[in-house]
Amino acid sequence: MAQTVVVSGGGSGIGRAVAVTLAGSARHVTVVGRRAGPLETLAATHPDTIDLVAADVSTPDGAQHVLDHLDGSGHTCTGVVAAAGGLSPVSEPGDNLAAVAGGWQAAFRSNVLTAVLLVEALTPALRDASGRVVLLSSVAALRGSGSGPYGAMKAALHAWMFDLARDLGRHGGTANAVAPGFVPDTEFWDGHLDDELIRRKSLETLVGRPGTPGEVASLIAWLLGPDGGWVTGQVLSPNGGSTLGR
Ligand SMILES: NC(=O)c1ccc[n+]([C@@H]2O[C@H](COP(=O)([O-])OP(=O)(O)OC[C@H]3O[C@@H](n4cnc5c(N)ncnc54)[C@H](OP(=O)(O)O)[C@@H]3O)[C@@H](O)[C@H]2O)c1
């Protein structure tokens, strides 16, 4: 059976860069996102190596749809990159508790359930294939985000990833979290970016500049590649040394 790496959030930003990097080294990729349009645009550039599934992987039905698609396409999953996620609206000071609960639940669905449901759906295949998992966390998980639940939700992925690494390790597989710093060339920052923010975030780093989706993708591709098999249970933070690596 042909092999594939499933990349959620593959239609834009870091997930898209991962898909392009893997496809560039002749690996087959199945990209997942809610909007079909960006996925179709990407798949059209690599018709032989990038397949797509439009699905909301924060829901059981969406994750099951990805599994059903792989069964139908005859691909077996040897890796998962869980990049779906991002900021969701948060409550403001003075909002009522229902608004606070709503903000945390939205962040949980967006950043935790998207990873958990997709990986759980694919875990039997990953065990059979000595598969590799990379969860997209954030430097916010290491030092807070200043914006409510986002950093806490990403930190939740770390503890779950440790258990995943133990499980997959028994089958020869790996699990890691990649926790990037500031990567502005992504939809994550749509509507939030201005020159002052870029200047301030760049100054937080030791190298004086933001990261690129391609730099993060390159690290992830290494974790999924032939030399990555002995790195597992780790939180790796490509962040330009911001706040000395945290
Ligand atoms: N950019 C940064 O500075 C930065 C820093 C640290 C961590 N991160 C993390 O890196 C990951 C990738 O983000 P990015 O920066 O590349 O931003 P992005 O361009 O917004 O990518 C996020 C992708 O996730 C998809 N997505 C969101 N919810 C989904 C769901 N429920 N089901 C399926 N797909 C879903 C989105 O597509 P649809 O809307 O079409 O579903 C989108 O393509 C995120 O987890 C983010 O939190 C980003």
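Which side chain has an N or O atom 2.8 Å from a nitrogen atom of the ligand?

1. The residue is D56, whose side chain places an N or O atom 2.8 Å from a nitrogen atom of the ligand. This counts as a polar contact (a pair of N or O atoms within 3.5 Å).

2. The model is predicted: local features need pLDDT of at least 70, side-chain atom pairs count only at pLDDT 80 or more, and totals for chains, interfaces and linings use all residues. Residues are numbered from 1 along each chain as its sequence is written, and side-chain values use heavy atoms, with hydrogens and water left out.

3. A polar side-chain atom of K154 is 2.8 Å from a ligand oxygen, and a backbone N or O atom of V183 is 2.9 Å from a ligand oxygen. On its own the ligand has 880 Å² of accessible area, of which the protein covers 94% (Shrake-Rupley method, 1.4 Å probe).

4. The ligand is surrounded by 29 residues, and the closest are S12, I14, R34, R35 and Y150 (a residue is near if one of its heavy atoms lies within 4 Å). This shell comprises twelve nonpolar, twelve polar and five charged residues; in this classification Gly counts as polar, and Tyr as nonpolar. At least two shell residues come from each of helix 1 (13-24) and helix 6 (150-169) (DSSP runs of H or I, at least four residues).

5. The second largest pocket holds about 170 Å³ of space. Its lining has 14 residues, of which G211, E215, P238, N239 and G240 are closest to the centre. By class, the lining has six nonpolar, six polar and two charged residues. A pocket is an open set of points on a 1 Å grid over the protein atoms alone, where a 1.4 Å probe fits, with protein on both sides within 12 Å along at least five of seven lines; lining residues have an atom within 4 Å of a point. The volume is the space filled by probe spheres set on the points.

6. Seven strands form an open, parallel sheet in the order 3-2-1-4-5-6-7 (strands are DSSP runs of E, at least two residues; a pair needs at least two bridges). Strand 3 (50-54) and strand 7 (235-236) are the edge strands, each pairing on one side only. Strand 4 (residues 75-82) runs parallel to strand 5 (residues 132-136), joined by four bridges, and V80 stands opposite V133 in strand 5.

Technical notes: Polar contact = N/O pair within 3.5 Å; in protein donor to acceptor, adjacent residues only side chain to side chain.
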